[in-house]
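Got a model open and wondering where the labels come from? Here are some quick questions and answers on how the terms get assigned.

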Amino acid sequence: MNSPLSSAQLVEPPLPPRSLEALRELVVCIRRGEAAVSLGKKALDVVARLVDRPEEVAVRSITELASTLGVNASTLSRLVRSLGYAGFSDFQNVFRDRIAGAHGNFYSRQGHRLIDADAGGDDYIGVVGQLARESIANVDGFLSQLDAAELRQAARLLARAQRVRVFGVRQIHAVTSLISYGLSLVRPGVSQLDMPGQGLAEGLAQLSKNDVLVVSSVKPYSRRVVEVARVASEAGVAVIALTDSRASPLAARARHTFFIPHQSSFISNSIGAYVVFSEGLINLVAKELGGKALRALERQEQFLDALGVEMR
């Protein structure tokens, strides 16, 4: 018996849509019966769900998306061909181009928001004060959805793992650097995944099921970070994700996910709340380690004293 989606008529339009907007218009036209191609109701519903989640379609595999949508990967492949695409990768490029374009304009849009909001103004304290209030609101946002059990389990994983690796790019790299530094003060075996002289592939190859990988990325999500999380989770490595939304592609890959808002008037993604959360997580790991953390801190102080260097 044919699956509900196999009723899609394999009639190729002259040119498949090459922008997300055009693809959305095609969905509307198909629903109205005004398109050169027709789809069954279930097939049309699948396409409509895909165009409503461009970030996920851009970075997830066909198998992952099919599972999320409750269909087979082969069915999804046939469906995109019925829309005129050469294959799923060809279809996925529409979403990747959209995300790449959004990323390319993100910083300039944020800059315009800042400048246009205060054109000709001289309220320097007001600009800083607004950012501070927005960061406080973001901290309140993640506190309101924190789960004590989730925090405890994540802290225990980080305390007991054989090795901990941390990965983030662009400005989120500052957050992952803080996590790496803070955890290395209280336990051994902690470092950035992409240490100098070591590529990502080599770093991932060294991880085992006894290790933990902490990843972080926010919208617009880094494809590299999403791919690293995917490879690690498929290898059985416990992944802890710091991200901004339940729609984040990192959430599907992580054993523990913490959602931290970053809305602000900053020219880029605000990391203030991410820093606060990271400090809290480091403290919880130190608390979990107890005497081991104290001894590790004492050793750090002894080495630095011997070198005549302050710990700060």
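**Labels and cut-offs**

Of the contacts (heavy atoms within 4.5 Å) in the chain between residues at least 6 apart in sequence, 71% join residues at least 24 apart. This is a predicted model, where local features need pLDDT of at least 70, side-chain atom pairs count only at pLDDT 80 or more, and totals for chains, interfaces and linings use all residues. Residues are numbered from 1 along each chain as its sequence is written, and side-chain values use heavy atoms, with hydrogens and water left out.

Q: Why is Arg152 called partly exposed?
A: Buried means under 20% relative accessible area and exposed means over 50%, with partly exposed in between (1.4 Å probe, protein chains only). Arg152 has 40% relative accessibility, so it counts as partly exposed.

Q: Where is Arg152 found?
A: Arg152 is in helix α8, residues 148–160; a helix here is a DSSP run of H or I with at least four residues, numbered from the N terminus. Its C-alpha atom is 7.8 Å from that of Leu284, 132 residues apart along the chain.

Q: How many residues in the chain are there, and what share is buried?
A: The chain has 312 residues, and 45% of them are buried.

Q: What makes the lining of the second largest cavity divide as it does?
A: Ala, Val, Leu, Ile, Met, Phe, Trp, Tyr, Cys and Pro count as nonpolar, Asp, Glu, Lys and Arg as charged, and the others, Gly among them, as polar. The lining is Val59, Arg60, Glu64, Val226, Arg230, Pro249, Ala252 and Arg253, so by those classes it has four nonpolar, no polar and four charged residues. A cavity is a set of points on a 1 Å grid over the protein atoms alone where a 1.4 Å probe fits but cannot get out, and lining residues have an atom within 4 Å of a point.

Terms used:
1 Å grid on protein atoms, 1.4 Å probe; cavity = no way out; pocket = protein on both sides within 12 Å on 5 of 7 lines; lining within 4 Å. Helix = DSSP H or I, 4+ residues; strand = E, 2+ residues; numbered from the N terminus.
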